[in-house]
Amino acid sequence: MESKDVLQVLIKVMNELPNQDGWVDLALIGKPLVSLGINYKALGYIKLRELIEDFSDEIDLRKDESNQLPVYYAKIKTGSAGTVKKKIPTKGRKEHTSNKIRNWAYMGDFRQAINDLKNIALKERWYFKTQDPTDPYPILSKYLTYTFFRLSNEKGKILISDNYAAFNTGLVNELYEPIYALFEKNKLQDKQEWYFHEFCISGVGRTGKTLASNFNPLPQRAHFFDNPSELIYDINAPEPQLNWNHIILDNVSRLPIEFLEENKPTGFIFRDTSEMNTIEKTQYYQQLANAIEKDSKKFRAIKNRFSDSLSLALKRVQWNFKTAIPMYYPSNNKLSLLLPLSLIDDDVIDLALVTEKTKSGSYLGHTILPLTWAYSNARLITRPDSDWLIAEKIETENVIEIEEEN
């Protein structure tokens, strides 16, 4: 989809939403935007604000840090009518994880590029339980953007030769031959330095021959670990120490509603958050966290259930070492291990616990992740081979809501 078409839909949505002096809370924009066929994730953005930053000539973006969590607002500039004036220069722009590849190269129709990569790669499920037509392959989209982010942090992994640049996607075709991304020098001024040409196999077809004739040796894939033992959970280590306040209180919005209802703090009334703006959601979940903290009986019950679930997870690791799944967390640029947590039913996994081994040999449980995040982060290293983190069984409901909050 062309940038001007995206901008026109974005302006239409913003004009129809409640605002304060023209400023619209970003938390209200995502859902109506998707309903009109614009899924920012399918366009290569992890956050909605990253999409809006690419229209800085037409839309202002403001960050309000007066609340507990920063709130982002967008406002249509006077005179903007859905026409893209010019491509904003990428030099000096703040680089988020996902827009690093777009700042470096013009990707064209990102959704089509992802579809082309899917067609070349070894067959794999690149979406969760329900496929969204506006973002048909979210796992692959996040894989490519995060892989480029990792490669950009490794010296000599993104190669440049005269008028071409290339990197190893880390994926293979049906013959297990590496798939590369080839770029050409951008001849247009005030644009990204490179523009995407095609995914290819070295020596195969015109693009593959161009790759082979310009790069020797060929680009190497991303590197995530030095010692294979980092990928295996040490069952001889003591039980992980958990940061209870962060895991439960700071991430209360990630806990299953049914679990929260079973452990409802005294006097708290549950409300539907789907139509709340960022401030309302933040205040609501903060009130819930405060109520849980004050109700020592319920807080203790929640911690006990987490402890029971963790004990069960460790037993599963002892029975099958593949239960602990390695993952790469782009924002922290580090490797961690995921453990399954069942808070309602022992046979159903609700969340993933992120654990990290310390220098002393013990483990710390840092945070909890929705299963969609856990799978996407784990897929960067390899396709998860487990009996609990399975793409086709992962629900995607409320994922956009959760991601916009954090």
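User: Is Tyr 233 buried or exposed in this model?

Analyst: The model is a predicted one. A residue counts as buried when its relative accessible area is under 20%. Tyr 233 has a relative accessible area of 6%, so Tyr 233 is buried.

User: How many aromatic pairs are there, and how is the pair of Tyr 233 and Tyr 363 arranged?

Analyst: The count comes to 16 aromatic pairs. In the pair of Tyr 233 and Tyr 363, the ring centres are 4.0 Å apart and the planes lie at 15°. Planes under 30 degrees apart count as stacked. The arrangement of Tyr 233 and Tyr 363 is therefore stacked.

User: How many residues apart in sequence are the parts that Tyr 233 and Tyr 363 tie together?

Analyst: Tyr 233 is in the loop between α7 (205-214) and β9 (241-242). Tyr 363 belongs to strand β13 (residues 363-369), and its relative accessible area of 2% makes Tyr 363 buried. The pair therefore ties together parts whose separation in sequence is 130 residues.

User: What is the arrangement of the rings of Phe 259 and Phe 306?

Analyst: The ring centres of Phe 259 and Phe 306 are 6.4 Å apart, and the planes are at 80°. Planes over 60 degrees apart count as edge-to-face. The pair of Phe 259 and Phe 306 is therefore edge-to-face.

User: Which helices do Phe 259 and Phe 306 lie in?

Analyst: Phe 259 is buried, at 1% relative accessibility. Phe 306 is also buried, at 1% relative accessibility. The pair ties together parts 47 residues apart in sequence, because Phe 259 lies in helix α9 (residues 257-262) and Phe 306 in helix α11 (residues 296-319).

User: Which ring does Arg 102 lie over?

Analyst: A charge sits over a ring if, for Arg, CZ is within 6 Å of the ring centre and within 35 degrees of the ring normal. Arg 102 is 3.5 Å from the ring centre, over the face of Tyr 45.

User: Which elements do the buried residues of α1 pack against?

Analyst: Helix α1 (residues 3-16) has 14 residues and reaches 20 Å from its first C-alpha to its last. Its buried residues include Val 6, Leu 10 and Met 14. The buried residues of α1 pack against β1 (24-25), α2 (30-35), α3 (48-53), β2 (59-64) and β3 (71-76).

Definitions and conventions: Residues are numbered from 1 along each chain as its sequence is written. This is a predicted model: local features need pLDDT of at least 70, side-chain atom pairs count only at pLDDT 80 or more; totals for chains, interfaces and linings use all residues. Side-chain values use heavy atoms; hydrogens and water are left out. Rings of Phe, Tyr and Trp (its six-membered ring) pair if their centres lie within 6.5 Å; planes under 30 degrees apart count as stacked, over 60 as edge-to-face and the rest as tilted. Helices (H or I, at least four residues) and strands (E, at least two) are DSSP runs, numbered from the N terminus. Buried means under 20% relative accessible area, exposed over 50%, partly exposed in between (1.4 Å probe, protein chains only). The expected span of a helix is 1.5 Å times one less than its number of residues. Contact means heavy atoms within 4.5 Å.
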